[in-house]
Amino acid sequence: MARLLSKTEAKNLVLCILKENGTLSTRDIEMEIFRRNFQCPDTTARTLNGMRLDSMIKGELSFKKKAWLWRLN
């Protein structure tokens, strides 16, 4: 069973994933979190959007990929 992360742990994990992999879609980040056997306290999308609103990461909607793409500032 996946370990439920605290909000701070989830944010740090997302930053680590983006640092290692560059720009990723929401689904890619969800899959990487799952692969590492973790779970965000909220949905991954909510965590990512909160980080975007806090200016921790950049997010933009890609009409070509039909997904949100996330990257470090």
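A nonpolar core is a set of buried Ala, Val, Leu, Ile, Met, Phe, Trp, Tyr and Cys residues joined through side-chain atoms within 4.5 Å. In the predicted model considered here, the largest such core has 14 residues, of which Val-14, Leu-18, Ile-29, Ile-33, Leu-48, Ile-57 and Trp-70 touch the most other members. At least two residues of this core are supplied by each of α1 (7-21), α2 (26-35) and α3 (44-53). The largest share, five residues, comes from α1. When residues up to four places away in sequence are not counted, Val-14 touches Ile-29, Ile-33, Leu-48 and Met-51. In soluble globular proteins, nonpolar side chains tend to be buried together.

The helix α3 was examined next. Its buried residues are Thr-44, Thr-47, Leu-48 and Met-51. Viewed down the axis of α3, these buried residues fall within an arc of 95 degrees and therefore line one face of the helix. An α-helix has 3.6 residues a turn, so residues three or four places apart point the same way. The buried residues of α3 pack against α1, α2, β4 and β5, whereas the exposed residues Arg-46 and Leu-53 are carried on the face turned away from the buried side. Just after α3, Ser-55 adopts a positive phi of about 60 degrees.

Nonpolar residues were also considered at the surface. Leu-61, Phe-63 and Trp-68 make a nonpolar surface patch of about 350 Å². Within this patch, Phe-63 lies in the loop between β4 (57-62) and β5 (67-72). Phe-63 has a relative accessible area of 69%; because exposed residues are those over 50%, Phe-63 is classed as exposed.

Notes:
Residues numbered from 1 in each chain as written. Predicted model: local features only at pLDDT ≥ 70, side-chain atom pairs only at ≥ 80, totals over all residues. Heavy atoms only, no water. Patch = residues over 30% accessible without salt bridge, like charges linked within 9 Å, V, L, I, M, F, W, Y side chains within 5 Å. Areas by Shrake-Rupley, 256 points an atom, 1.4 Å probe, with all protein chains shown as cover. Salt bridge = Lys/Arg side-chain N within 4 Å of Asp/Glu carboxyl O. Helix = DSSP H or I, 4+ residues; strand = E, 2+ residues; numbered from the N terminus. Buried < 20%, exposed > 50% of the residue type's maximum accessible area, 1.4 Å probe, protein only. Contact = heavy atoms within 4.5 Å. Arc of directions from axis to C-beta.
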